[in-house]
Amino acid sequence: MDEHPGIPEHGCGGAATSPPAASPLLTEAIRYAEDWLWEVVPGTHLVDGEGGPYCSCRAAHCSRPGAHPADHDWQRLASAGPTRVRNWWTEDPQAAILLPAGRSFDVLDVSVTAGCLALTRMERMQLQFGPVLSAPAEPGRRDRRLLFLAPPGTLAKLPELLRRFGWAPDRLDLTGRGEGDWIVAPPSRLGPYGFAQWARPPSFANRWLPDAVQLVGSLAYACRRAAPWPGP
């Protein structure tokens, strides 16, 4: 037996090479599709240049660098097919992982302060909640955000649900994302600010999304508690 690792036993084939390791983004994109049946679509990515990171779309003033769809027809292209997903991230291993909203789930977006209050309260009351994503603040916001996955259709009900609980929709830092929008999934890099992370990762225990009324009520209460006191 040949005692020299890396040299094929048949002799003249040259040094043996191991297959390249799959990128973490590819691994996670396939897991989202296979384990959770979520459609995914590749996004842009950041390119580190001499003047700082810029979006691979190369737009001079990209508003969501490294965090938007790479193709304008992304809604039609989104897929949970493992073969298609593997092809996408083999072609561009750095592409951000985008999960379309409004299909398997809607998204409720709050500040990290309100989100942590809501999580603590819901856990104490043994209320169900689904996966929760932690994302860096987008341009124009100062705080990290917590994104709560909610049942599809929650966004359309959100204004009425808030009024039912006695909250004016425009007075709370609580927004939603539905059909035509997306979230950037871990471990994607989000602009120059950091990475998307799971505050509560998807699991078989939370794969059934919570009741919309219960979730909106908890988040609205937490947003009001976290809001700064009005000035004199």
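Me: How many bridges join β4 to β9?

Reply: β4 and β9 run antiparallel; strands are DSSP runs of E of at least two residues and helices runs of H or I of at least four, both numbered from the N terminus. This is a predicted model, in which local features need pLDDT of at least 70 and side-chain atom pairs count only at pLDDT 80 or more, while totals for chains, interfaces and linings use all residues. Residues are numbered from 1 along each chain as its sequence is written, and side-chain values use heavy atoms, with hydrogens and water left out. The number of bridges joining β4 to β9 is four.

Me: Which residue in β9 is the bridge partner of Leu99?

Reply: Two strands pair if DSSP finds at least two bridges between them, and β4 and β9 have four. The partner of Leu99 in β9 is Ile183.

Me: Which are the edge strands?

Reply: Three strands form an open sheet in the order β1-β4-β9, with antiparallel pairing. Pairing on one side only marks the edge strands, β1 and β9.

Me: At about how many degrees to β4 does α1 run?

Reply: α1 lies across both β4 and β9. Axes are lines fitted to C-alpha atoms, for helices over the stretch in contact (heavy atoms within 4.5 Å), and angles run from 0 to 180 degrees between N-to-C directions. On that basis, α1 makes an angle with β4 of about 20 degrees.

Me: Which residues touch the most other members of the largest nonpolar core?

Reply: A nonpolar core is a set of buried Ala, Val, Leu, Ile, Met, Phe, Trp, Tyr and Cys residues joined through side-chain atoms within 4.5 Å. Buried means under 20% relative accessible area, exposed over 50% and partly exposed in between, with a 1.4 Å probe and protein chains only. The largest such core has 35 residues, and those touching the most other members are Tyr32, Trp38, Val85, Trp89, Ile97, Leu99 and Ile183.

Me: How many residues does the second, separate core have?

Reply: Leu108, Ala150, Leu215 and Cys223 are included in this second core. Its number of residues is 22.

Me: Why is the pair of Trp38 and Phe105 edge-to-face?

Reply: Rings of Phe, Tyr and Trp (its six-membered ring) pair if their centres lie within 6.5 Å; planes under 30 degrees apart count as stacked, over 60 as edge-to-face and the rest as tilted. The structure holds seven aromatic pairs. In this one, the centres are 5.4 Å apart, and the pair is edge-to-face because the planes stand at 75 degrees.

Me: How many residues apart are Trp38 and Phe105?

Reply: Trp38 lies in the loop between α1 and β1 (41–42), and Phe105 in the loop between β4 and β5 (106–111). Both residues are buried. The pair links distant parts of the chain, with a separation in residues of 67.

Me: Which residues form one aromatic cluster?

Reply: Leaving aside its neighbours within four places in sequence, Trp38 is in contact with residues including Tyr32, Leu99, Phe105, Leu149 and Trp198. The members of the aromatic cluster are Tyr32, Trp38, Phe105 and Trp198.

Me: Which strands stand at the edges of the open sheet of five strands?

Reply: The order in this sheet is β8-β5-β7-β6-β12, with antiparallel pairing. Each edge strand has a single partner, so one side of each is left without a neighbour in the sheet. These strands are β8 (174–177) and β12 (197–200).

Me: Which residue in β12 stands opposite Leu133?

Reply: Four bridges join β6 to β7, where Leu133 stands opposite Leu147. Three bridges join β6 to β12, which run antiparallel. In β12, the residue opposite Leu133 is Trp198.

Me: Across which strands does helix α4 lie?

Reply: Helix α4 comprises residues 112–124 and runs at about 50 degrees to β7. The strands that α4 lies across are β5, β6, β7 and β12.

Me: How far from the centre of the ring of Tyr221 is the charged end of Arg121?

Reply: A charge sits over a ring if NZ of Lys or CZ of Arg is within 6 Å of the ring centre and within 35 degrees of the ring normal. The charged end of Arg121 sits over the ring of Tyr221, at a distance from its centre of 4.3 Å.
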